[in-house]
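Here is a short report on a protein model. Look at the sequence and the structure first, then read on.

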Amino acid sequence: MKNHSKNPVFWISAIIITLFVIWGALFPKALETQASLIFGFTTSNFSWFYLLSVMFFIIFLLFLAFTKYGKIRLGNDDSRPDYPFFTWIGMLFSAGFGVGLVFWGIAEPLSHFFRPPLGETAQTPEAARLAMHYAFFHWGVHQWSVFALVGLAIAYFQFRKKENGLISTTFNPLIGEKGKTTLRQTIEILAVIATVMGVATSLGMGILQINGGMNFVFDVPKNATVQIIITVILLVLYLASSTTGLNKGIKYLSNLNLGLALLLMLFVLFLGPTAFILKTLTLGIGDYIQDFIAYSLRLTPYKGGTWVRDWTVFYWAWAIAWSPFVGSFVARVSRGRTIREFVVGVLIVPPLIAIIWIAVFGGSALHLDLFNGTDIAEAVDKDMTSALFKTFDYFPWTGLLSTLAILLIFTFLITSADSATFVLAMLTTKGSLNPGMFVKIIWGVLMAAISVVLIISSGLQGLQTASLLSALPFTVILIVMAISLFKALSKEKISKNKNPG
């Protein structure tokens, strides 16, 4: 208890989250209404701010990577990475995408195909191309630039400057190393709330998808009782995993995740329309590169509409809400890498895996609808949780693929929640790298409770909007974090002959 008994960050954060759970349980419609109002106000009036901020993060990170600062190690000059490359990427992939990519890998492109943006005619080859283009864009470099910024700042101060792993510590060059206690605690509380809400959203989406898959494959009912049972099983599993520590539970589960994901992806690639998938991937990457800047700053002030706000701005806000968790975890597993290696690895490899995933799964579903006359897009429009399993219904070995997918979602949820309990415990025990089990259990239970409350009260829409309530203030925090990091890096003495690693 001594790590948190006198720590107001733990108590204030836990009380706020507990009150949120009680509010959602007692007044679910009021919670849904208020969350939607706040989300609508912030995205309508500050969509420009989200787009410009994320574009700034990308430019800033590339500047650091490909100038003299790229040679600096996240640790001592003679340190080397703690984890092999494959394990490192597996951890990044599991923590950063989690179940989100499994959920949206088919659901997003099929949603755009059925209800296309920019006035395109629905369910046409042109709509299919645009759907893949936007799905690649939303799961590409932009999301990971947000995670990379937070991860780089924390890793630099934690491993090179030998500070604690708190978000507020990255502000030391601007506010000093001591004092400003209230400001520091406010930053940490915002980070904790953003993390809990973001991970609870991912848990909730995964629980809905597992229930949807079990209903589709095994005819298990889709209702609140089943969803609560799934939540309790997940809670027990991820708390059990968290007791084994970072180097055992999370490490092995991350490798299992990546292996399972690759196995499932190869199954679909070779059982599905392989040539079409590869052509879709190639064309989509070309479209992505060609329109990178235009899509990064696209808004529709002249003709109105909410599509960009509902999708692109939502994704950037979601990534920002997730960033304290993913950034803290990315930092934790990246000690010993150079800034250049870190930025290139984080900005290229996970986004590339995501793009390939969407090409394989989304491409297979689009091919079925375009050329085989299936109705996957229509089914997805009615129930997004069915997207993956509806697609597998047209594949050989449907039962095996669906069972593998449900297992993959389970392992993704366990690693995401396991990682999040560690990060939350660390943030609320003054940066301890070995937080106690009591704190982990508290945060594990609260995340599960929020997921259940949001699922029962307002479903997928409520999960999405609730996760973004802290996104706007945290965007300002990230901009200041970048300025602070650059101020610290500019004081580094960098040898021209130093091995860039």
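K222 and D383 form a salt bridge, and their closest N and O atoms are 2.4 Å apart. A salt bridge here is a side-chain nitrogen of Lys or Arg within 4 Å of a carboxyl oxygen of Asp or Glu. K222 sits in the loop between α8 (181–218) and α9 (224–242), and D383 in the loop between α15 (376–382) and α16 (387–392), so the pair ties together parts that are 161 residues apart in sequence. The helices named here (H or I, at least four residues) are DSSP runs, numbered from the N terminus.

How covered are the two partners? K222 is partly exposed, with a relative accessible area of 40%. D383 is partly exposed as well, with a relative accessible area of 23%. Buried means under 20% relative accessible area, exposed means over 50%, and partly exposed lies in between (1.4 Å probe, protein chains only).

The model is predicted, so local features need a pLDDT of at least 70, side-chain atom pairs count only at pLDDT 80 or more, and totals for chains, interfaces and linings use all residues. Residues are numbered from 1 along each chain as its sequence is written, and side-chain values use heavy atoms, with hydrogens and water left out.

A search of the whole structure finds 10 salt bridges. Three of them are set out below.

| Pair | N to O distance |
|---|---|
| K222 and D383 | 2.4 Å |
| E341 and R337 | 2.6 Å |
| E378 and K382 | 3.8 Å |

Take E341 and R337. E341 is partly exposed, at a relative accessible area of 26%. R337 counts as buried, at 3% relative accessibility.

Now take E378 and K382. Both lie in helix α15, 4 residues apart, which is about one turn of the helix. An α-helix has 3.6 residues a turn, so residues three or four places apart point the same way. E378 counts as partly exposed, at 37% relative accessibility. K382 counts as exposed, at 67%.

Salt bridges can also link up. D77, R160 and E492 are joined in a network of them.

**How confident is the model?**

The pLDDT is the predictor's confidence in each residue, from 0 to 100. The protein averages a pLDDT of 88, and 93% of the residues score at least 70. Over residues 1–5 the pLDDT is below 50, and this stretch has 11 contacts in the model beyond near neighbours in sequence. Residues 497–501 also have a pLDDT below 50, with 12 contacts beyond near neighbours in sequence. Contact means heavy atoms within 4.5 Å.

**Helices and what lies in them**

Helix α17 covers residues 398–427. How far apart are its end C-alpha atoms? They are 43 Å apart, which agrees with the 44 Å that its 30 residues should span at 1.5 Å a residue. The expected span is 1.5 Å times one less than the number of residues. Helix α17 is mostly covered, as 25 of its 30 residues are buried.

S484 lies in helix α19 (residues 471–489). Is S484 buried or exposed? At 0% relative accessibility, S484 counts as buried. Leaving aside neighbours within four places in sequence, S484 is in contact with F157, T170, F171, N172, P173 and L174.

K279 lies in helix α11 (residues 274–290). K279 counts as exposed, at 62% relative accessibility. K279 and L478 are 199 residues apart in sequence and 38 Å apart in space, C-alpha to C-alpha.

**Two loop residues with positive phi**

Most residues other than glycine have a negative phi. Q123 is not a glycine, yet its phi is positive, about 55 degrees. Q123 is found in the loop between α4 (99–114) and α5 (125–138). Q123 is partly exposed, with a relative accessible area of 43%.

K162 is not a glycine either, and its phi is positive, about 60 degrees. K162 is placed in the loop between α6 (141–160) and α7 (172–175). At 54% relative accessibility, K162 counts as exposed.
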